[in-house]
Amino acid sequence: MSRRVAVIGGGIVGAAVARELLVRRPDAEVTVFEKEDRLASHQTGRNSGVVHAGLYYQPGSAKALLCRRGVGPLEEYCAQRGITRIACGKVLVALNEVERLRLADIEDRARANGVPGIRVIGKAELRELEPHVQGIAALHSPSTSIVDYAEVTHALAADAAAAGAKILLGYEVTGLRVRGGEVIVSTRSGGGFGEEAFDQVIACGGLQSDRLAEMAGDGPDPVIMPFRGEYYALKPHRRGLVNGLVYPVPDPRYPFLGVHVTPRVDGEVLIGPNAVLALAREGYTWKNVSPADLAGVARTPAFWRFARQHWRTGIREMYGSLSKKRFVAAARAYVPELSDHDVVPGTAGIRAQALDADGGLVDDFRISIRDRIVVLRNAPSPAATSALAIAEHVVSTLESQA
């Protein structure tokens, strides 16, 4: 009898998992449940499109291993499917001596992770690469590239469907329970409520991952906190201010990376993101408010512990959200010619950031296994870059459980 597997979530990781299942087991019966009316609706379709090389991640961590393992197959897949990918390169720009010293640590991590071609460059070489960018030094990653992850997702899902997968849009998973040797998946859709039995379930639910984990019988931690990242976009005639990706040097005291400048494959150039607590799990503007989601945050000790540690950062990020001038000023530190008149409001995304019970950010990917159910409980950036490798890892994990 063929194995019946449900995949919850129609983002890039869910699509990659569905495809990988059928590559390994062409006789499997794979069903993808996506609660929205289209694939890649949330994190996958609302990010800056960077194919990360693996500069920052702790050597030996799941992020480091799966990012580096995933880059090559992703690049090959894009080439095979005719998906545009631009190797524009990336510079991490140091503005002062303290940041220059931090570059050395990042370079060491990147080398340990096997990132190709990286090196620290001086002010003159930075100017050659990025004539409009200022800094005293930079770490250059020539292999970092950009892609449209929504396009990749649709291609992966098309491959899975061609191999026999059912892609069900508008189906929200409302319950998971193990009954004997099966998992019963309860759903809600335009056609009403339904139930279906599967041998195994893989939940790649992003912003809903903690809720899916609790449905599966896992504990409440880590809990997902939705942080909205807002962008401005350069007006078309100013897109030439950068040639590639221009990033700040991460400050280890702060939980988020900071504003950077990101070209996209469609020619748009984004500035951002900031990171403000969203007022709903899927709240892409200040107007999107969910009292139920806010009540959930208020009941979570992890959030209050996080807030006590990082309230100053939170206030600064909120100012950036409410003040265009302050937002643009953060980018002007790297691109001095940038003015408030050069930008227009851009898109916004939500980062599904997991918090441990002590209020600390969960820095690495985290996967939980409960009987016949696998849940990706924390899969923020670089999950899109790592998607094909994550799929291999998850499907191998399932096979070992079978």
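I started with Arg-19 and found it in helix H1, residues 12-24 (helices are DSSP runs of H or I, at least four residues, numbered from the N terminus). I kept in mind that this is a predicted model, where local features need pLDDT of at least 70, side-chain atom pairs count only at pLDDT 80 or more, and totals for chains, interfaces and linings use all residues. Residues are numbered from 1 along each chain as its sequence is written, and side-chain values use heavy atoms, with hydrogens and water left out.

Next I looked up the surroundings of Arg-19. Beyond its neighbours within four places in sequence, Arg-19 is in contact (heavy atoms within 4.5 Å) with Tyr-77, Leu-156, Asp-159, Ala-160 and Leu-388.

I then followed Asp-159 to Arg-81: they form a salt bridge, closest N and O atoms 3.1 Å apart (a side-chain nitrogen of Lys or Arg within 4 Å of a carboxyl oxygen of Asp or Glu). This pair links distant parts of the chain, with Asp-159 in helix H5 (residues 149-162) and Arg-81 in helix H2 (residues 62-81), 78 residues apart.

How many salt bridges does the whole structure hold? My search found 28. Among them, I noted Glu-36 with Lys-35 at 2.7 Å. I also noted a network of salt bridges linking Arg-4, Arg-179, Glu-182 and Asp-199.

Notes. Helix = DSSP H or I, 4+ residues; strand = E, 2+ residues; numbered from the N terminus.
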